[in-house]
Amino acid sequence: MKDETKSISVGRGDSQHYGSVNMPVYHTSTILFPRLQDLRNRASTPYRYGRSGTPTSTALEEAITALENAAGCVITPSGLSAVTIAILSVAKSGDHILVADSVYTPTRRFCDTTLRQMGVEAQYYDPLIGADIATHIRPNTSLIFTESPGSHTFEVQDIPALCAVAKQHNIKTAIDNTWGSCINFKPFAHGLDISATAATKYIVGHSDALLGVITANAETIEAVRDIHRQLGICAAPDDIYLALRGLRTLPTRLEKHETTALAIAQWLQGLSFVRRVLFPALPDAQGHDLWKRDFEGAAGLFSIELDPCTEAQLAAMLDDMAHFSMGYRWGGYESLIVPCAINRSINPDRFDTGGQYLR
Ligand SMILES: *Cc1c(COP(=O)(O)O)cnc(C)c1O
């Protein structure tokens, strides 16, 4: 089945719901068992307690599993919790993990605080490192955590090369696949073990809910389910429903996001004060060849690097735009623009941010 077909047919369950086209929203904490024997046998029933799942959450899990060609899926209340649970499913006290220097800033904060307190050492690697990642591997390395393209700077990583090295050393690999959004990048076809996606972005797609999804391959999904269950992570049924609804138009919306972003990116390339447009779908952009090799398409999110300017000049550009507003998040139908500071420990001079590095 093609993604367009999957996205409109998987996770509907209409035959079990009186022919209703859409999966009903199950609001429940409690599943009732009529007899003692039923209660004792609850482990063999699909639904036992609201936190561990309802037909509504199963529908989204099945749809995401199908779109990413995964072995299974769990749902979390935000994209950030999807990332942290994915990391916690592998990293144990005493471990060393390798994390892309271009990860989403709150992911980095988690690695530098909570993970460190738990006795896990996160070391950042250059997202352009490729197979040379082998030089950073230690006997206690347990995970390579990637995000491609990276937040703000859009480095495309050579995921198959990283995964090949990881497999030689029996190390797990994970990706923050929010930009690939289940459609444009297929993590398991490229050798990854775990994929975390902020469904808040394109999957929900209408700026009205926060949600995350984690998928994994057959060897890894039980470890993800186990930590997810132990930490009591679950998402609200209405938000899951919004993600299911968004999913039905996801491939169609992504196509439009890509063509619109490409047109705007090309126009920006012609402006005198724009130094660089960081968008792998542009033929002359860094990472274009890897993007073309490994991705099915592009998201509508990209960065521009400006000539150095003052805060007043920046405000003159950003204030009161007619069609773009400032605000955090992306992947909705409305157009957004924000200034960003870059968080790099390796080769920070690749990007001139007028000295505005966060670290
Ligand atoms: C937005 C985002 C997240 C976090 O998602 P939330 O739902 O806001 O928690 C994680 N990773 C990337 C790359 C993101 O852009």
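The model is predicted, so local features need pLDDT of at least 70 and side-chain atom pairs count only at pLDDT 80 or more, while totals for chains, interfaces and linings use all residues. Residues are numbered from 1 along each chain as its sequence is written, and side-chain values use heavy atoms, with hydrogens and water left out.

## Salt bridges

Let's start with the charged pairs. A search of the whole structure turns up 11 salt bridges (a side-chain nitrogen of Lys or Arg within 4 Å of a carboxyl oxygen of Asp or Glu). Here are three of them, with the N to O distance for each.

| Pair | N to O distance |
|---|---|
| R225 and E222 | 2.9 Å |
| R275 and D307 | 3.0 Å |
| R276 and E305 | 2.7 Å |

Take the R275 and D307 salt bridge. This pair links distant parts of the chain, 32 residues apart: R275 sits in strand β8 (residues 274-278), and D307 is in the loop between β9 (303-306) and α11 (311-318). Helices and strands here are DSSP runs numbered from the N terminus (helices are H or I with at least four residues, strands are E with at least two). Both ends are partly exposed, R275 at 41% relative accessibility and D307 at 31%. On this scale, buried means under 20% relative accessible area, exposed means over 50%, and partly exposed is in between, using a 1.4 Å probe and protein chains only.

R276 has its own partner, E305, with the closest N and O atoms 2.7 Å apart. Because R276 lies in strand β8 and E305 in strand β9, the pair ties together parts that are 29 residues apart in sequence. R276 is partly exposed at 37% relative accessibility, whereas E305 is buried at 8%. Elsewhere, salt bridges that share partners join D158, R293 and D294 into one network.

Because they are 3 residues apart in helix α7 (residues 221-230), R225 and E222 are separated by about one helical turn. R225 is partly exposed at 26% relative accessibility, and E222 is partly exposed too, at 47%.

Two packed helices are described by the angle between their axes and the distance between the axes. For helix α3 (residues 55-68) and helix α8 (residues 237-247), the axes come within 9 Å and cross at roughly 35°. The axes are lines fitted to C-alpha atoms over the stretch in contact, and angles run from 0 to 180 degrees between N-to-C directions. The α3 and α8 crossing is left-handed, meaning that the near helix is turned anticlockwise from the far one by less than a right angle (clockwise would be right-handed).

Who does the touching? On the α3 side, the contact is made by T56, S57, A59, L60, A63, I64 and L67; on the α8 side, by P237, I240, Y241, A243, L244 and L247. Contact means heavy atoms within 4.5 Å.

Helix α4 (residues 79-88) is mostly covered, with 9 of its 10 residues buried. Among the buried ones are G79, V83, I85 and L88.

The loop between β4 (141-147) and α6 (159-168) holds P149, and the peptide bond from S148 to P149 is cis, with omega near -10°. F154 lies in the loop between β4 and α6 as well. F154 has a positive phi of about 60° although it is not a glycine, and it is buried at 3% relative accessible area.

N170 also has a positive phi of about 60° without being a glycine. N170 is in the loop between α6 and β5 (172-176) and is exposed, with a relative accessible area of 73%.

Is S181 buried or exposed? At 1% relative accessibility, S181 counts as buried. S181 belongs to the loop between β5 and β6 (194-198). Leaving aside residues up to four places away in sequence, S181 touches T197, Y202, I203, L250 and L254.
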